[in-house]
Amino acid sequence: MDNVIELKDVWSSYEDVPVLESVDLVVGDHDFLAIIGPNGGGKSTLLKIILGLIKPDKGSVKLFGGDPRKTRKYVGYVPQYMSSNLDFPISVWEVVLMGCIAHRGPFKRYNENDKKAAQNALKTVDMLEFKDRQISELSGGQRQRVFIARSLINNPKLLLLDEPSTGIDSKRQKEFYELLNKLKKEVAIVMVTHDLSAVSVHVDKIACLNRKLHYHNSKELSPHDLEESYLCPVDMIAHGVPHRVLEDH
């Protein structure tokens with residue numbers, strides 16, 4: 001089977017300002033990869049290139065072995081949480097069904113298969129009992145589960161998550177990452193995050209990105225990689241135990 005994602009020597013810029021430089025990345029089936037790095041380091045741009053929404057200035061991008069514009073239908077994407085989106089009166093059930101629009105078009109009625117898929121997706125994330133609740137009434141962690149359910153409705157082979165722990169309190173973060181660990185049995189997951197407090201416990205692999213990508217196909221990163229990405233000394237990231245040790249920076 002082809003790799004899920006293959007990037008070779010990818011460069012991207014915005015108005016002649018470099019955003020990504022010589023990025024190489026391979027993500028395999030059922031990988032759970034976290035991409036960390038500072039604001040403005042190119043993380044969201046990288047996701048858009050993977051999805052085929054941005055064409056790189058240089059380099060090769062393959063998604064499921066093909067052109068991302070043709071194969072992104074196999075991807076479930078959960079964008080960064082925005083509180084302003086919660087003002088619109090819409091139920092959990094309606095939010096999840098909206099995941100069908102990309103494949104069915106905006107003006108087609110939902111059929112029984114769509115409704116069954118929505119029910120199964122809500123069961124997967126343990127949110128079926130909330131299907132009639134207004135999305136604005138849910139906690140941050142519950143909302144993220146609903147947004148993941150929306151991304152699962154078309155049975156994707158890859159989940160792309162942009163800052164998924166935003167708005168989730170610390171008590172619910174453990175449950176959220178346990179859900180992602182359950183999902184990785186079915187799909188590959190690439191997660192952009194600032195959440196250093198949890199990633200090295202729950203993910204399989206970590207990459208640092210600040211224009212250049214530091215990635216060794218594992219969850220081990222050298223102090224040099226971290227300093228290159230964060231542009232400051234980082235004494236230690238502890239792996240395999242539920243805590244992180246980071247110097248102020």
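Biologist: What should I keep in mind about the model before reading its features?

Modeller: The model is predicted, so that local features need pLDDT of at least 70 and side-chain atom pairs count only at pLDDT 80 or more, while totals for chains, interfaces and linings use all residues. Residues are numbered from 1 along each chain as its sequence is written, and side-chain values use heavy atoms, with hydrogens and water left out.

Biologist: How are α6 and α7 placed relative to each other?

Modeller: Two packed helices are described by the angle between their axes and the distance between the axes. Here the axes of α6 (residues 140-152) and α7 (residues 170-183) come within 11 Å and cross at roughly 15°, the axes being lines fitted to C-alpha atoms over the stretch in contact, with angles from 0 to 180 degrees between N-to-C directions. The two helices, α6 and α7, are therefore roughly parallel to each other, a term for angles under 35 degrees.

Biologist: Which residues make the contact?

Modeller: With contact meaning heavy atoms within 4.5 Å, α6 contributes Q144, R145, I148 and L152, and α7 contributes E175, F176, L179, L180 and L183.

Biologist: Is helix α1 mostly covered or mostly open?

Modeller: Buried means under 20% relative accessible area, with a 1.4 Å probe and protein chains only. By that criterion α1 (residues 43-50) is mostly covered, with six of its eight residues buried, namely K43, T45, L46, L47, I49 and I50. After α1 comes G52, whose phi is positive, near 80°.

Methods
Helices (H or I, at least four residues) and strands (E, at least two) are DSSP runs, numbered from the N terminus. Angles under 35 degrees count as roughly parallel, over 145 as roughly antiparallel, 65 to 115 as roughly perpendicular and the rest as oblique. Buried means under 20% relative accessible area, exposed over 50%, partly exposed in between (1.4 Å probe, protein chains only).
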